[in-house]
Amino acid sequence: MSDDFTRHIFEIIISKVAQAKGFTTISESALNIFVEVAIERLSQYARSAAHLTNHCGRTDTNGFDVFEALSKFNESPETLASYI
């Protein structure tokens, strides 16, 4: 559930990461799966942060909401960067 520009950026990022890890080719279907998984995972984090913001009666999500949302998924900025 994302626009074409976002999907294209994720395709580039995932292709570069695969290349850096030593892969010389990646099938289109595998690339699409990786893109969908990455976008869905990040969307889950964003929805959780937005839920915390709404629960607190605020309209703007801040860094504390994001870090709290990440901790609910047993993630940290370091593990998220490693995942991406």
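Starting point today: E36, which I find in helix α2. This is a predicted model, so I keep that in mind for every entry. E36 comes out as partly exposed, at 38% relative accessibility. Going to T25 instead, 11 residues away along the chain, the C-alpha separation is 19 Å.

While on T25, I looked up where it sits: the loop between α1 (4–20) and α2. Buried or exposed at T25? T25 counts as exposed, with 64% relative accessibility.

Next I went to I33, which has its place in helix α2. I33 is an isoleucine that counts as exposed, because its relative accessibility is 54% and the cut-off for exposed is over 50%.

**α1 against α2**

Two packed helices are described by the angle between their axes and the distance between the axes. So I looked up both for this pair. What angle do α1 and α2 pack at? The angle is about 110°, and the axes are 9 Å apart. That makes α1 and α2 roughly perpendicular to each other, since the range for that label is 65 to 115 degrees. The crossing of α1 past α2 is right-handed.

Then I listed who touches whom. On the α1 side I have T6, R7, F10, E11, I14 and S15. On the α2 side they meet L31, N32, F34, V35, E36, A38, I39 and L42. Sorting the residues of this α1–α2 contact by type, I get eight nonpolar, three polar and three charged.

**α2 against α3**

Moving on to helix α2 (residues 28–55) and helix α3 (residues 63–72): their axes come within 8 Å and cross at roughly 120°. I put α2 down as oblique to α3, because roughly perpendicular runs from 65 to 115 degrees and the crossing is at roughly 120°. The handedness here is right-handed, with α2 passing α3.

Which residues make the contact? From α2 I noted Y45, S48, A49, L52 and T53. From α3 I noted D65, V66, E68, A69, L70 and K72. By type, the residues of the α2–α3 contact divide into six nonpolar, two polar and three charged.

**S48**

S48 is found in helix α2. Is S48 buried or exposed? S48 is buried, with a relative accessible area of 14%, and the limit for buried is under 20%. Leaving aside neighbours within four places in sequence, S48 is in contact with A69, K72 and F73. Of these, A69 and K72 are also in the list for the α2–α3 contact.

**Y45 and F73**

F73 turned up again when I looked for aromatic pairs. How many are there? The count comes to one aromatic pair. The partners are Y45 and F73, with ring centres 5.0 Å apart and planes at 70°. I call this pair edge-to-face, because that label takes planes over 60 degrees apart.

The pair links distant parts of the chain: Y45 belongs to helix α2, F73 to the loop between α3 and α4 (77–83), and they are 28 residues apart. For accessibility, Y45 is buried at a relative accessible area of 6%, whereas F73 is partly exposed at 34%. Y45 also sits among the α2 residues that contact α3.

**N74**

Last entry, still in the loop between α3 and α4, where N74 lies. Most residues other than glycine have a negative phi. N74 has a phi near 55°, a positive value in a residue other than glycine. What is its relative accessibility? N74 is at 70% and counts as exposed.

Note on methods. Residues numbered from 1 in each chain as written. Predicted model: local features only at pLDDT ≥ 70, side-chain atom pairs only at ≥ 80, totals over all residues. Heavy atoms only, no water. Axes fitted to C-alpha atoms, helices over the stretch in contact; angles between N-to-C directions. Helix = DSSP H or I, 4+ residues; strand = E, 2+ residues; numbered from the N terminus. Parallel < 35°, antiparallel > 145°, perpendicular 65-115°, else oblique. Left-handed = near helix turned anticlockwise from the far one by under 90°. Contact = heavy atoms within 4.5 Å. Nonpolar A, V, L, I, M, F, W, Y, C, P; charged D, E, K, R; others polar. Phe/Tyr/Trp six-rings, centres within 6.5 Å; stacked < 30°, edge-to-face > 60°. Buried < 20%, exposed > 50% of the residue type's maximum accessible area, 1.4 Å probe, protein only.
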